Amino acid sequence: MSARIGVVTFPGSLDDADAARAIRIAGATPVALWHGDADLHNVDAVVLPGGFSYGDYLRCGAIAKFAPVMSLIIEKAQVGLPVLGICNGFQILCESHLLPGALTRNDHQHFICRDQKLRIESTETLWTKDFSPGQEIVIPLKNGEGGYVASEATLDELFAENRVIATYIGGNPNGSYRDIAGISNKAGNVVGLMPHPEHAVEALTGPTTDGIPFFTSVLKSLVGAS
Amino acid sequence: MIDSVEIAKGNPDTSQPWAELGLKQDEYESIKQILGRRPTSSELAMYSVMWSEHCSYKSSKVHLRQFGDKAPKTDALLVGIGENAGVVDIGAGWAVTFKVESHNHPSYVEPYQGAATGVGGIVRDIISMGARPIAVMDPLRFGPADAPDTRRVLPGVVAGIGGYGNCLGLPNIGGELVFDESYAGNPLVNALCIGSMKHEDIHLASAKGVGNLVVLYGARTGGDGIGGVSVLASETFDADGPAKRPSVQVGDPFMEKLLIEATLEVLHAGLVEGIQDLGGAGISCATSELASNGEGGMHVYLDRVLLRDASLSPEEILMSESQERMCAVVTPEKIDDFMALCKKWDVEAVVIGEVTGTGRLVIEWHGEMIVDVPPRSVAHDGPVYERPFHRPSWQDALQADAPTAQRLVRPSTPEELKQTLLDLISSPNLASKSWVTSQYDRYVMGNTILAQPEDAGMIRVDEESGLGVAISTDCNSRFAKLDPYAGAQLALVESYRNISVAGAKPLAVTNCLNFGSPEDPEVMWQFAQATTGLADACLELGIPVTGGNVSFYNQTGDSAINPTPVVGVLGVIDDVDRRTPMAWGDDGDLIYILGDSFDEFAGSEWAYLQGHLGGLPPKVNFAQERLLSEIMVAASRDGMITAAHDVSDGGVGVAITEMALRANTGARFWIPDNIDPFVFLFSESTARAIAVIARTEELRFTEMCAARGMSATRFGVVDSGLGIDSGYPGEQVIVIDSLFTFRVEELREAHEATLPALFGG
């Protein structure tokens with residue numbers, strides 16, 4: 001039986017179908033999770049997809065953390081459930097304090113959609129094992145509030161603990177501190193990433209298929225654990 | 001005090017503000033005749049918005065009929081003109097619906113919200129057919145790129161389209177960006193949406209079944225956009241400034257996203273008998289159209305409408321254009337399920353009335369009858385005008401002023417030709433559009449196969465089979481100014497060609513006809529010519545018009561915009577894996593031009609850069625266009641072709657530059673025999689495309705072209721190794737033999753720097 005990976009749909013989630021497709025392509029079974037449903041349906045891992053949950057009102061991700069499904073995810077993530085937050089999902093993970101720091105409006109004030117070059121900085125998380133350290137990839141980036149900010153101390157700590165999983169190269173697209181594109185928690189099971197690996201899983205529709213290893217990585221760790 | 005039907009009967013001579021509401025004297029008299037009394041103030045409000053040019057098409061109707069009368073025979077059309085949007089069969093049980101609409105005036109007044117709500121409105125048209133929206137695109141036209149007013153309007157329009165569309169989760173896959181003096185003060189913001197559905201999911205706007213309930217759901221009704229239709233869309237801006245510019249509607253894309261999901265869920269659950277979106281003219285339009293299309297009667301309790309502002313009068317509620325609202329007809333047995341699904345998506349819904357068999361649309365306000373009208377008279381039997389028209393006095397002189405070699409100095413030396421190419425690719429009209437399109441999400445939904453700067457946008461409809469659709473919108477309004485009949489046809493053939501070069505078979509047509517004031521006989525002549533030209537061309541190419549939109553009054557004072565019949569063509573491709581991209585492939589691939597190049601520069605980008613507009617536009621050749629289309633589709637299907645690109649704005653020189661930039665690979669070219677290099681590189685003759693063929697496929701491809709009588713001339717070869725010999729080791733280079741050499745990076749810098757320099761990094 002293939003691994004079951006949940007994809008949460010909040011009102012305003014947009015990339016939930018894309019995340020489910022990426023999970024299928026990676027060889028797992030996507031399971032739709034509803035924001036108002038406090039039930040994780042026995043999933044082995046969770047993806048919080050991109051979009052504008054609750055219209056991004058108040059602050060991006062600020063309302064989503066109070067969703068019934070999130071209280072379960074927050075609880076389980078603290079004891080090892082693999083969680084990947086992409087774009088709005090990353091914002092939700094920061095608002096939920098599963099990850100440090102915050103995402104702010106792009107420094108140039110515009111929404112930006114482009115094919116973005118990244119360097120994989122850490123392959124020690126559950127979601128990045130299938131990359132090689134220092135690997136350069138290209139996946140789509142699309143955000144209006146993707147500038148990663150944190151205190152100097154936190155930034156130092158993230159780098160010291162090898163928790164910066166990817167950095168922007170070839171130009172910082174949104175003013176993120178120290179070119180940070182994604183980070184993980186200390187345990188390496190929770191990862192937040194601003195660019196969109198789920199849009200780079202098919203040669204026909206993506207700029208590359210460089211996004212696939214994010215999803216196959218977590219499957220390997222699930223197989224390894226069971 | 002409420003002006004009820006009872007009161008209207010009692011004081012027939014009360015003076016009413018029909019003129020302020022945009023009605024003409026004879027229209028007001030005609031309303032009195034229909035009702036046998038003076039209208040109540042609520043009825044007057046309804047008639048005024050529904051009989052406005054924008055809603056009633058009163059000046060255009062007699063010309064638009066041609067799209068139906070001359071429609072080519074086709075099995076592809078499942079739902080034709082007249083519904084919210086036409087529906088086209090694309091095979092395997094799938095159908096698509098698509099439409100383009102204008103939001104010109106609101107976008108000039110309030111660029112961000114005007115453009116945003118333009119997207120919202122067209123998306124609701126698509127969902128009200130039962131389709132899931134799968135992509136949007138936006139044809140945009142502004143005054144001169146360096147004009148202060150363009151800098152005010154353009155960034156807001158782009159941000160509004162992005163802000164709304166991105167938040168809805170719809171990929172934006174193309175469109176147009178054109179600058180021309182004629183749009184100064186009258187920018188054109190057109191919005192297109194395409195949706196897909198299975199055949200059985202098609203829904204229509206009609207209120208059937210006496211006793212069925214009428215539900216209003218979505219956002220609450222507020223004071224925004226009141227009178228927007230009648231005043232904003234149907235009046236010319238005065239040269240001295242805006243006399244009447246009431247509030248433009250304000251959009252909430254998050255609510256629209258919920259509305260899409262809730263609507264598709266109630267439709268798929270079989271809970272809906274009829275459905276209509278609320279756009280221009282709000283509740284007035286939705287109730288009268290639903291009733292008119294159905295059993296003919298409806299009873300509405302207007303005081304049940306959920307309001308954002310409790311102080312709104314019934315007239316204002318009827319006219320409000322608050323966004324993100326829909327109206328559904330539901331049987332009493334299914335109403336609880338309907339309400340439950342709305343609640344699931346946090347969408348407010350309320351039953352505001354029921355379908356009756358009375359043949360009357362009756363509206364009550366706290367027990368008093370404020371509207372009692374035959375719904376057809378509001379929705380469908382509005383006034384029809386045969387506006388007078390005549391050929392403009394200046395038309396002959398304009399056509400006589402051709403851009404001949406005597407009239408305009410042409411570049412002839414290699415240096416001059418090189419500079420001409422650089423000038424063209426860096427001109428605002430031909431420069432890279434990335435400054436705009438990078439603000440739009442093109443990836444969401446994961447089905448985008450091609451997007452701007454490709455010739456057509458292409459979306460995968462069925463993941464299993466790879467069935468997909470392609471869409472393109474086009475119009476060179478300078479051609480339409482020189483000859484509106486030919487101009488509309490040229491817009492169609494360019495769009496048709498863009499679909500074909502991508503490998504898709506053209507199927508159907510939509511249009512957005514942007515013109516000046518219909519009360520000006522010269523503008524009306526342009527409109528009559530353009531509609532006739534387009535209808536004739538659709539018949540020639542065998543593809544029907546499925547719907548569209550007319551926007552009049554795009555003028556400031558006496559000065560109208562160039563006639564701008566924007567044409568959108570939809571095509572189908574059986575397997576998107578076979579799409580033909582713009583970027584050429586490997587070293588050694590051969591570059592062909594299909595079709596013939598003539599000395600045709602009237603209305604061209606080159607002439608525009610010289611500040612010249614005159615002469616007759618390029619000749620249209622339908623037989624050649626059809627042939628080219630068949631060849632491009634066959635070459636894609638049979639795997640003969642690596643890349644292709646339409647030749648239009650800026651000619652062959654610009655086309656090969658765009659391909660090199662897309663591929664980031666150099667190539668060597670030579671000018672074919674017996675043609676002047678300037679004409680070959682920059683003429684805008686029609687029915688031409690560039691095709692890139694692998695050497696192994698060359699014979700098969702050229703034999704196909706020869707057998708079908710299409711001229712195919714080899715004039716280049718892909719070559720990534722030209723840098724060393726050209727003095728640029730390690731760089732990609734384009735060489736045009738015995739003329740000039742360009743580094744691809746040099747071209748890229750020129751192409752990409754223009755819009756950021758104008759509108760900010």
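Student: Among contacts in chain A between residues at least 6 apart in sequence, what percentage joins residues at least 24 apart?

Tutor: In this predicted model, 76% of those contacts join residues at least 24 apart. Chain A has five helices and 11 strands, and 58% of its 226 residues count as buried.

Student: How do you know that the radius of gyration of chain A agrees with that of a compact globule?

Tutor: We set the value against the expectation: a compact globule with 226 residues would have a radius of gyration near 17 Å, and chain A has 16 Å, so the two agree. Along the principal axes, the C-alpha atoms of chain A fill a box of roughly 45 × 40 × 35 Å.

Student: What makes helix α3 of chain A mostly covered?

Tutor: Helix α3, residues 88-95 of chain A, has eight residues, and eight of them are buried. Among them are Phe90(A), Ile92(A) and Leu93(A), but also Asn88(A), Gln91(A) and Glu95(A). The buried residues of α3(A) pack against β3 (45-48), β4 (83-86), β5 (102-104) and β11 (190-193) of chain A, and the helix is followed by His97(A), whose phi is positive, near 65°.

Student: Why is Cys87(A) called buried?

Tutor: A residue is buried if 20 or more other C-beta atoms lie within 10 Å of its own, and Cys87(A) has 29, so it is called buried. Cys87(A) sits in the loop between β4 and α3 of chain A, and its phi is near 55°, a positive value in a residue other than glycine.

Student: Why is Asn674(B) called exposed?

Tutor: The cut-off for exposed is 12 or fewer other C-beta atoms within 10 Å, and Asn674(B) has 6, so it is called exposed. Asn674(B) lies in the loop between β24 (667-669) and α24 (677-682) of chain B, and although it is not a glycine, it has a positive phi of about 60°.

Student: Why is Gly80(B) called partly exposed?

Tutor: Buried needs 20 or more other C-beta atoms and exposed needs 12 or fewer; Gly80(B) has 17 within 10 Å, so it falls in between and is called partly exposed. Gly80(B) is found in the loop between β1 (77-79) and β2 (86-91) of chain B. Leaving aside its neighbours within four places in sequence, Gly80(B) is in contact with Gly86(B) and Thr546(B). The C-alpha atoms of Gly80(B) and Val545(B) are separated by 8.1 Å, although these residues are 465 apart along the chain.

Student: How do you know that chain B is as compact as a globular protein of that length?

Tutor: Chain B has 26 helices and 28 strands. The globule rule gives 27 Å for 761 residues, and the radius of gyration of chain B is 27 Å, so chain B is as compact as a globular protein of that length. Of its residues, 62% count as buried. Chain B is divided into domain 1 (75-379) and domain 2 (580-761), with C-alpha centres 42 Å apart.

Student: How do you know that the span of helix α26 of chain B agrees with what it should be?

Tutor: Helix α26, residues 744-759, has 16 residues that should span 22 Å at 1.5 Å a residue, and its end C-alpha atoms are 24 Å apart, so the value agrees. Just after α26(B), Gly760(B) takes a positive phi of about 95°.

Student: Which residues in α26(B) are buried?

Tutor: Val744(B), Leu747(B), Ala750(B), His751(B) and Thr754(B) are buried, and the buried residues of this helix pack against α16 (414-425), α23 (651-663), β27 (733-736) and β28 (740-743) of chain B. An α-helix has 3.6 residues a turn, so residues three or four places apart point the same way.

Student: What makes the peptide bond from Gln452(B) to Pro453(B) stand out?

Tutor: This peptide bond is cis, with omega near 10°, and Pro453(B) is found in the loop between β14 (448-450) and β15 (457-460) of chain B.

Student: How many residues of chain A are in contact with chain B?

Tutor: There are 22 residues of chain A in contact with 24 residues of chain B. On the side of chain A that touches chain B, α1 (16-26), β6 (112-120) and β7 (136-143) each supply at least two residues. By class, that side of chain A has nine nonpolar, eight polar and five charged residues.

Note on methods: Residues are numbered from 1 along each chain as its sequence is written. Chains are lettered from A and ligands numbered from 1 in the order in which they are written. This is a predicted model: local features need pLDDT of at least 70, side-chain atom pairs count only at pLDDT 80 or more; totals for chains, interfaces and linings use all residues. Two residues are in contact if their C-beta atoms, placed from the backbone, lie within 7 Å. Helices (H or I, at least four residues) and strands (E, at least two) are DSSP runs, numbered from the N terminus. Ala, Val, Leu, Ile, Met, Phe, Trp, Tyr, Cys and Pro count as nonpolar, Asp, Glu, Lys and Arg as charged, and the others, Gly among them, as polar. The radius of gyration is taken over C-alpha atoms; the globule rule is 2.2 Å times the number of residues to the power 0.38. Domain bounds come from an automatic or database domain assignment. The expected span of a helix is 1.5 Å times one less than its number of residues.
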